[in-house]
Amino acid sequence: MARIEADDLRKVFRSPDKRPGLAGSLRHLVERRYSEKVAVDGISLRVDEGEAVAYVGPNGAGKSTTIKLLTGILVPTSGEVRVNGIVPHRNRVENARGIGVVFGQRTSLWWDLAVRDSLELLRDMHGLSTAEYWANLDRLVEMLGIGDLLSSTARRLSLGQRMRADLAAALLHDPPIVYLDEPTIGLDIEVKDRLRAFLRQIVAEGTTLVLTTHDLGEIEDVCSRLVIIDHGRIVHDGGLRQVIETYARERVMHVDLAARPVSLAGIATRLAGATVIEERDGLGVAVTFDPLAHTAGDVLTAIQAELQVVDLRIKEPAIEDVVRRVYAGQLIPGPDDSPDDSPDDSPVR
Ligand SMILES: Nc1ncnc2c1ncn2[C@@H]1O[C@H](COP(=O)(O)OP(=O)(O)OP(=O)(O)O)[C@@H](O)[C@H]1O
Ligand SMILES: [Mg+2]
């Protein structure tokens with residue numbers, strides 16, 4: 001079942017042009033000029049129940065704007081959006097019951113209230129029964145490790161503590177859909193790990209998650225689908241493994257050698273299509289190969305037939321590499337480049 005349905009969503013921000021030198025009192029006499037910024041430019045997206053979607057793209061791509069449209073904070077300039085079957089910006093109260101939102105750069109806690117008091121206010125706002133409140137709170141306190149923070153004011157919390165308290169606030173009413181916009185920005189590794197584990201757990205329990213982040217490790221850990229946007233448009237949408245398999249299949253085998261080789265040509269001849277380059281001042285070799293064409297065993301055999309190998313490592317492409325290439329404009333899928341293409345003899349990209 002689709003939890004989130006967006007159809008050709010657009011958001012254009014219009015702001016009055018600044019006209020330097022023109023006296024304020026005269027400004028209304030002249031024609032007003034506006035500049036327009038197309039932040040979201042025709043996004044269509046369907047997210048099913050229980051899916052965990054990573055929504056990534058370079059700075060200014062339109063990620064936060066999309067989240068604001070999906071959560072009903074902004075009204076779209078055109079296009080349709082339905083979340084849990086309702087139009088978020090028209091049914092704000094009903095919408096709020098079905099979603100949890102965290103924007104990493106701000107807090108939804110009341111600064112001068114103890115966290116516990118903020119949570120109690122949210123309990124009342126969501127109309128939770130005492131039993132529901134305690135059941136959800138106990139679980140969140142346990143999973144997020146925030147027992148000690150409940151009596152602090154939000155103002156006194158560190159960034160990592162505040163983020164965990166914010167997540168508890170966003171999830172207190174057990175919403176089926178959770179939007180997180182850069183939830184781990186500025187957090188240390190330990191807190192990030194804790195949050196990742198937490199997110200994995202709520203996804204395993206059936207929560208639908210849309211996660212915006214620049215931390216690509218987080219994506220691999222938590223999400224199964226990757227949507228990449230640039231300039232307000234979706235440039236890729238597909239399974240996470242599939243992206244890697246489609247766009248970055250190649251593996252690199254690095255070997256350390258006992259002695260400098262005379263030539264590497266023999267290896268290249270044995271491994272058609274692979275790239276062989278010297279490393280470590282001649283005491284190493286890197287072979288880039290397509291695992292569909294050669295197994296790692298084939299590659300090692302070919303190298304050992306020519307050279308004496310001391311040690312080896314194999315590097316698989318990370319999602320980082322794929323996304324970096326998309327950001328660099330190198331991987332915009334075209335008609336001949338669809339992820340559905342069966343793996344064939346096409347050159348490794
Ligand atoms: N309220 C606004 N008024 C005018 N322009 C805006 C407004 N909000 C966002 N924009 C512009 O819309 C574009 C998309 O912004 P958005 O915040 O959605 O990007 P983002 O993908 O979240 O980027 P980041 O990775 O930096 O968070 C940017 O060019 C931004 O300057
Ligand atoms: Mg943003």
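**Close-up 1. His-254 and Ala-286 are bridge partners, the latter in strand E12.** Strands here are DSSP runs of E with at least two residues, helices are runs of H or I with at least four, and both are numbered from the N terminus. The model is predicted: local features need pLDDT of at least 70, side-chain atom pairs count only at pLDDT 80 or more, and totals for chains, interfaces and linings use all residues. Residues are numbered from 1 along each chain as its sequence is written, while chains are lettered from A and ligands numbered from 1 in the order in which they are written. Strand E10 (residues 251-257) and strand E12 (residues 284-289) pair in the antiparallel sense over six bridges; strands count as paired if DSSP finds at least two bridges between them.

**Close-up 2. Four strands form an open sheet in the order E11-E12-E10-E13, with antiparallel pairing.** At the edges are strand E11 (275-279) and strand E13 (309-315), each pairing on one side only. From one strand to the next, the twist averages 20°. Helix H11 (residues 296-306) lies across E10, E12 and E13, and runs at about 30° to E10. Axes are lines fitted to C-alpha atoms, for helices over the stretch in contact, and angles run from 0 to 180 degrees between N-to-C directions; contact requires C-beta atoms, placed from the backbone, to lie within 7 Å.

**Close-up 3. Welcome to the surroundings of ligand 1, where Phe-13, Lys-37 and Asn-59 are among the shell residues.** A residue is near the ligand if its C-beta atom, placed from the backbone, lies within 6 Å of it. Also in the shell are residues including Gly-60, Lys-63, Ser-64 and Thr-65. Strand E1 (2-16), strand E2 (34-48) and helix H2 (63-70) are the elements giving two or more residues, and H2 supplies the largest share, three residues.

**Close-up 4. Five of the five residues of strand E6 (residues 177-181) are buried, so E6 is largely enclosed by the rest of the structure.** Buried means that 20 or more other C-beta atoms, placed from the backbone, lie within 10 Å of the residue's own. One face carries Ile-177, Tyr-179 and Asp-181, the other Val-178 and Leu-180, and both faces are covered.

**Close-up 5. Strand E6 pairs in the parallel sense with strand E5 (residues 99-103) over five bridges.** Here Phe-103 stands opposite Asp-181 in E6. E6 also pairs in the parallel sense with strand E7 (residues 208-212), over five bridges, and Tyr-179 stands opposite Val-210 in E7.

Technical notes:
Contact = placed C-beta atoms within 7 Å. Buried ≥ 20, exposed ≤ 12 C-beta atoms within 10 Å, placed from the backbone.
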